[in-house]
Amino acid sequence: MHGSISIKNVLPAILQTSTTSREKYTQPYSGQNFTDMIWWQQDTSGQVMDPYDLLPPIPIEGAPDYSEGEERIADGGSAMMAFARMQFDDVTPEQRAAIIQALLQYCELDTLAMVMLVEHWLGYFDL
């Protein structure tokens, strides 16, 4: 977690060590904004991937870079930028729909991340 208690740092650390999370989130997850998403994946070095890195890019031509050079919304700052862009920039209906979908996916993952953390703690403390 590198000394941080941010959900963005806690979640990958918990996923790396939690067998419960591995068992549950290697199965397809479908929610309001995802279909058959696998949240527990490993990279080529065997480390569990950060679920926020698994969010899909915004599927529109000319989408702005929202997160470290990628066309995705994967943190609060990029979510705020995307929302502001829809309010103040001239965006096409297609761009607006794609940005809204990306925001919904980011928000759903944020909520799911909190659920993952609680599930881990409940199992860890045998509650």
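Predicted model: local features only at pLDDT ≥ 70, side-chain atom pairs only at ≥ 80, totals over all residues.
Residues are numbered from 1 along each chain as its sequence is written. Local features need pLDDT of at least 70, side-chain atom pairs count only at pLDDT 80 or more, and totals for chains, interfaces and linings use all residues, while side-chain values use heavy atoms, leaving out hydrogens and water.

**Exercise 1.** Find which salt bridge Asp110 takes part in.

*Solution.* Start with the criterion: a side-chain nitrogen of Lys or Arg within 4 Å of a carboxyl oxygen of Asp or Glu. Asp110 meets Lys8 this way, at 3.2 Å from N to O. Helices here are DSSP runs (H or I, at least four residues), numbered from the N terminus.

**Exercise 2.** Work out whether Asp110 and Lys8 are buried or partly exposed.

*Solution.* Take the cut-offs: buried is under 20% relative accessible area, exposed over 50%, partly exposed in between (1.4 Å probe, protein chains only). Asp110 has 19%, so Asp110 is buried. Lys8 has 22%, so Lys8 is partly exposed.

**Exercise 3.** Now over to Gln105: determine where Gln105 lies and which residues Gln105 touches.

*Solution.* First, locate Gln105 in helix α4 (residues 93-124). Then check burial: the relative accessibility is 11%, so Gln105 counts as buried. Finally, list the contacts (heavy atoms within 4.5 Å). Leaving aside residues up to four places away in sequence, Gln105 touches Asn33, Phe34, Leu55 and Pro56.

Technical notes. Helix = DSSP H or I, 4+ residues; strand = E, 2+ residues; numbered from the N terminus.
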